[in-house]
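User: I would like to learn how to read the features of a structure like this one. Can we take them one by one?

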Amino acid sequence: MATTPASATFWQCAPFARLISGIKIHGNANTWWSQAAGKYDRGDTPKVGAVLAFNSTARMRVGHVAMVSKVVSDREVLLTHANWSRRGQVERNVRAVDVSDKGDWSLVKVWYGPQGGLGTSSYPTKGFIYSDHAAADVDAAVAAADSADQTAAS
């Protein structure tokens, strides 16, 4: 049986995306797109620090959110997100590719750890929610959150 250090945080995607993007939206990932209306700009062009909002699916009932950490091209980005291919864990700078017919990021494939590459599934998305400030230093944000968790547990 594998054990997890007491100091490790089990991350869900939404609180992690909020922490590193600065986008102040709460609730399940599938509500972020509608909550962003009128508060944050939204669109279909990837930008560093933006959050990609995934639709709910049968296998992903509450959707998913992930922050763009690098734009590689108009059809490829690197995402930093939590609770995707490793339950409760953070994955940094993983590949995501727009596979939509129109090139509008409405359908993506995302790197999946157990396969060591793009997964076999494509996921529908709503688009990007743009942060109004620079993305946080992910390592510093995670360290601060872990430190707060350790203090609260003491």
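Analyst: Start with burial. A residue is buried under 20% relative accessible area, exposed over 50%, and partly exposed in between, using a 1.4 Å probe and protein chains only. Glu91, at 3% relative accessibility, therefore counts as buried. Across the protein, 45% of the 154 residues count as buried.

User: What should I know about the model itself?

Analyst: The model is predicted, so local features need pLDDT of at least 70 and side-chain atom pairs count only at pLDDT 80 or more, while totals for chains, interfaces and linings use all residues. Residues are numbered from 1 along each chain as its sequence is written, and side-chain values use heavy atoms, with hydrogens and water left out.

User: How are helices and strands assigned, and how many of each are there in the protein?

Analyst: Both are DSSP runs, numbered from the N terminus: helices are H or I with at least four residues, strands are E with at least two. The protein has 3 helices and 8 strands. Their order from the N terminus is α-α-β-β-β-β-β-β-β-β-α.

User: Is α1 enclosed or exposed?

Analyst: Of the 9 residues of α1, 7 are buried, so the helix is largely enclosed by the rest of the structure. Those buried residues are Cys13, Ala14, Phe16, Ala17, Arg18, Ile20 and Ser21. Just after α1 comes Gly22, with a positive phi of about 80°.

User: Now salt bridges. What is the rule, and how many are there?

Analyst: A salt bridge is a side-chain nitrogen of Lys or Arg within 4 Å of a carboxyl oxygen of Asp or Glu. The count comes to 3 salt bridges. Take Arg75 and Asp98: their closest N and O atoms are 3.0 Å apart. Arg75 lies in the loop between β3 (64-73) and β4 and Asp98 in strand β5, so this pair ties together parts 23 residues apart in sequence. Arg75 is partly exposed at 31% relative accessible area, whereas Asp98 is buried at 3%.

User: Which residue does Arg95 meet in a salt bridge?

Analyst: Arg95 meets Glu76, at 3.0 Å from N to O. Arg95 is in strand β5 and Glu76 in strand β4, so the pair ties together parts 19 residues apart in sequence. Arg95 counts as partly exposed at 37% relative accessibility; Glu76 counts as buried at 18%.

User: And Glu91, the residue you began with?

Analyst: Glu91 forms a salt bridge with Arg86, with the closest N and O atoms 3.4 Å apart. Arg86 is partly exposed, at a relative accessible area of 41%.

User: How do I read an aromatic pair?

Analyst: Take the rings of Phe, Tyr and Trp (its six-membered ring). They pair if their centres lie within 6.5 Å; planes under 30 degrees apart count as stacked, over 60 as edge-to-face and the rest as tilted. The whole structure holds 4 aromatic pairs. One of them, Phe54 with Trp84, is tilted: 5.5 Å centre to centre, with 50° between the planes. Phe54 is in strand β2 (residues 51-54) and Trp84 in the loop between β4 (76-82) and β5 (90-98), so the pair ties together parts 30 residues apart in sequence. Phe54 counts as buried at 1% relative accessibility. Trp84 is buried too, at 15% relative accessible area.

User: How do the rings of Trp84 and Tyr123 pair?

Analyst: Their centres are 5.0 Å apart and their planes at 70°, so the pair is edge-to-face. Trp84 is in the loop between β4 and β5 and Tyr123 in strand β8 (residues 123-129), so parts 39 residues apart in sequence are tied together. Phe54, Trp84 and Tyr123 form one aromatic cluster.

User: Which ring does the charged end of Lys47 sit over?

Analyst: The test is NZ of Lys or CZ of Arg within 6 Å of the ring centre and within 35 degrees of the ring normal. The charged end of Lys47 sits over the ring of Tyr130, 4.5 Å from its centre.

User: Last, pockets. What lines the largest pocket?

Analyst: A 1 Å grid is laid over the protein atoms alone. A pocket is an open set of points where a 1.4 Å probe fits, with protein on both sides within 12 Å along at least five of seven lines; lining residues have an atom within 4 Å of a point. The largest pocket is lined by 23 residues, with Arg59, Met60, His64, Asn83 and Trp84 nearest its centre. α1 gives the most to this lining, with 3 residues.
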